[in-house]
Amino acid sequence: MIKLNAVTKKLKGKIILDDVSTTFEKGKIYLLRGHNGSGKTMLLRLLCDLITPTSGTIDKPEYTYGVMIETPNFLLHETARQNLKFLAS
């Protein structure tokens, strides 16, 4: 389970995410939907520890998460496993 507790993220003085609180339960699939600039990618970056919240907390298990943000560039002549290892590096 991943739990966001009053998470806010500011960049260059602009509030990107404002007081977000939600829970993602293990074994369920979630869809993030919204207009361009609504904070979907920023939320994913927070969940994967690519950035830290300005305030609030994120409670989650101690294992590695991964996401594909934006358009991935796959190595066409490599296997899926090799592509994942490349993306993870």
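A residue is called buried here when its relative accessible area is under 20%. The structure shown is a predicted model.

**View 1. N83, a buried residue of helix α2.** N83 is found in helix α2. Its relative accessibility is 5%, and N83 therefore counts as buried. With neighbours within four places in sequence set aside, the contacts of N83 are F74, L75 and E78. Of these contacts, F74 and L75 also belong to the nonpolar surface patch of the next view.

**View 2. A nonpolar patch on the surface that includes L84.** Six residues are labelled in this view: F74, L75, L76, L84, F86 and L87. Together they form a nonpolar patch with about 640 Å² of accessible area. L84 lies in helix α2, which covers residues 80-88. The relative accessibility of L84 is 54%, so L84 counts as exposed. N83 also lies in helix α2, but N83 counts as buried at 5% relative accessibility.

View 3. Strand β1 runs over residues 2-11 and contains A6. A6 has 31% relative accessibility and for that reason counts as partly exposed. The C-alpha atoms of A6 and D19 are separated by 4.2 Å, although the two residues are 13 residues apart along the chain. D19 is one of the residues in contact with A6 once neighbours within four places in sequence are left aside.

**View 4. The salt bridge between D49 and K60.** In this pair the closest N and O atoms are 3.2 Å apart. D49 has a relative accessibility of 56% and so counts as exposed.

**View 5. The salt bridge between E25 and K28.** A search of the whole structure finds two salt bridges, and the pair E25 and K28 is one of them. The closest N and O atoms of E25 and K28 are 3.6 Å apart. E25 has a relative accessible area of 42% and is therefore partly exposed.

Note on methods. Residues numbered from 1 in each chain as written. Predicted model: local features only at pLDDT ≥ 70, side-chain atom pairs only at ≥ 80, totals over all residues. Heavy atoms only, no water. Patch = residues over 30% accessible without salt bridge, like charges linked within 9 Å, V, L, I, M, F, W, Y side chains within 5 Å. Areas by Shrake-Rupley, 256 points an atom, 1.4 Å probe, with all protein chains shown as cover. Salt bridge = Lys/Arg side-chain N within 4 Å of Asp/Glu carboxyl O. Helix = DSSP H or I, 4+ residues; strand = E, 2+ residues; numbered from the N terminus. Buried < 20%, exposed > 50% of the residue type's maximum accessible area, 1.4 Å probe, protein only. Contact = heavy atoms within 4.5 Å.
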